[in-house]
Amino acid sequence: MSDHYEYPYPSTELESRYPFYPYEHQRLPEEIMKQRASLFFEEMNQRRSIRMFSSDTVPTRLIELAVRTASTAPSGAHKQPWTFIATQNSEIKRAIREAAEEEERKNYLENRMNADWQEAIAPLGTDYHKEFLEIAPWLVVLFEQRYEIASDGSHRKNYYVKESVGIAAGLFIASLHRMGLATLTHTPSPMKFLNQILERPVNERPFCLFPIGYPLDGIKVPDLQRKELDEILHVF
Ligand SMILES: Cc1cc2nc3c(=O)[nH]c(=O)nc-3n(C[C@H](O)[C@H](O)[C@H](O)COP(=O)(O)O)c2cc1C
């Protein structure tokens, strides 16, 4: 098929109303594309969630860069419906640990997690203890903005919030891994306590809690297998 378009984008009329700029793109030789893709895959395939962190400090600049990377994510109507709250304050981390453990105690010990769920997570060997929330040098909480609150107090809709924030979370995790840091995607549910501790407004809902740092020396991770390509990709 030729690449002639009958309906050019942007139309002159559209461009007279909204700014557009020429998109710069460098087309790479196929061999280089394969090399870059393989290297990125191999690197990402090394990523693991870790649950025991060293308390070694991590410069704020690195956290900022991961958040900037996350915020390059596409989002519904470009609403960028995310807020990242980053803390290395030990009192706040302790408060988060205590609240998370309280919720997780109910999940694990008071049957708030049904049998199927408990069976699914059994190989991870997790329990309600969340010491890492105090030990990891950084906790970053990603909030989704369910809607926007305008300066006059009125509400504006956000679109595809979960999809958008999920993509941002993926880029955040990839960025941390690429720079040599480790994290856990943690959801000590329900997570409403994070609004109270971090004083977030009602339009924000906690999406994920990321303890971030270096893995503790000598730790082990569960020996999980990732699905084979033919289980996850069907090409027609
Ligand atoms: C949305 C989401 C929520 C998760 N919540 C938890 C959690 O609360 N506690 C935990 O230990 N791991 C949690 N995980 C981590 C998963 O257990 C982990 O990603 C999975 O076992 C695969 O391991 P890997 O990340 O090392 O590849 C969560 C992961 C995702 C994507």
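By class, the shell around the ligand consists of five nonpolar, five polar and two charged residues. Its members, in a model that is predicted throughout, are R48, S49, R51, L124, T126, L184, T185, H186, T187, P188, V221 and L224.

**Overall make-up**

The chain holds nine helices and six strands, and its C-alpha trace spans about 65 × 55 × 40 Å along the principal axes. Of its 236 residues, 22% count as buried. When contacts between residues at least 6 apart in sequence are considered, 81% of them join residues at least 24 apart.

In soluble globular proteins, nonpolar side chains tend to be buried together. In this chain the largest nonpolar core has 34 residues, and the members that touch the most other members are L139, V140, L142, A169 and I212. The elements that give two or more residues to this core are helix 3, strand 1 (82-87), helix 4 (90-109), strand 2 (138-145), helix 7 and strand 6 (204-213). Helix 7 supplies the largest share, which amounts to seven residues. The surroundings of V140 can be listed in detail: with residues up to four places away in sequence left out, V140 touches I63, F84, I85, A86, F210 and I212.

**Helix 3 against helix 7**

Two packed helices are described by the angle between their axes and the distance between the axes. For helix 3 (residues 60-70) and helix 7 (residues 161-178), the angle is about 140° and the axes are 7 Å apart. The crossing of helix 3 past helix 7 is right-handed. On the side of helix 3 the contact is made by L65, A66, V67, T69 and A70, while helix 7 brings A168, L171, F172, S175 and L176 to the contact. By class, the residues of this contact divide into eight nonpolar, two polar and no charged.

Not counting residues up to four places away in sequence, S175 touches L65, A66, T69 and A70. S175 and A70 lie 105 residues apart in sequence, yet their C-alpha atoms are 7.8 Å apart in space. S175 counts as partly exposed because it has 19 C-beta neighbours inside 10 Å, whereas a buried residue would need 20 or more.

E103 lies in helix 4, and its contacts, leaving aside neighbours within four places in sequence, are with P188, S189, P190 and F193. E103 is partly exposed, since 18 other C-beta atoms lie within 10 Å. Between E103 and N89, which are 14 residues apart along the chain, the C-alpha atoms are separated by 21 Å.

N114 has its place in the loop between helix 4 and helix 5 (115-121). N114 is classed as exposed because it has 9 other C-beta atoms within 10 Å. The C-alpha atoms of N114 and Y23 are separated by 50 Å, the two residues being 91 apart along the chain.

**Backbone features**

| Feature | Residues | Angle |
|---|---|---|
| cis peptide bond | Y9 to P10 | omega near -5° |
| cis peptide bond | S189 and P190 | omega about -5° |
| positive phi, not glycine | Y160 | phi near 50° |
| positive phi, not glycine | E199 | phi about 55° |

P10 is found in the segment before helix 1 (12-17). P190 is placed in the loop between strand 5 (182-183) and helix 8 (193-198), and both S189 and P190, the residues joined by this cis bond, are in contact with E103.

Y160 is found in the loop between strand 4 (155-157) and helix 7, and E199 has its place in the loop between helix 8 and strand 6. How exposed are these two residues, and why do they fall in their classes? Y160 counts as partly exposed because it has 15 C-beta neighbours inside 10 Å. E199 is exposed, since 7 other C-beta atoms lie within 10 Å, and the class of exposed residues takes in those with 12 or fewer.

Key:
Residues numbered from 1 in each chain as written. Predicted model: local features only at pLDDT ≥ 70, side-chain atom pairs only at ≥ 80, totals over all residues. Near = placed C-beta within 6 Å. Nonpolar A, V, L, I, M, F, W, Y, C, P; charged D, E, K, R; others polar. Axes fitted to C-alpha atoms, helices over the stretch in contact; angles between N-to-C directions. Helix = DSSP H or I, 4+ residues; strand = E, 2+ residues; numbered from the N terminus. Left-handed = near helix turned anticlockwise from the far one by under 90°. Contact = placed C-beta atoms within 7 Å. Core = buried A, V, L, I, M, F, W, Y, C linked by C-beta atoms within 7 Å.
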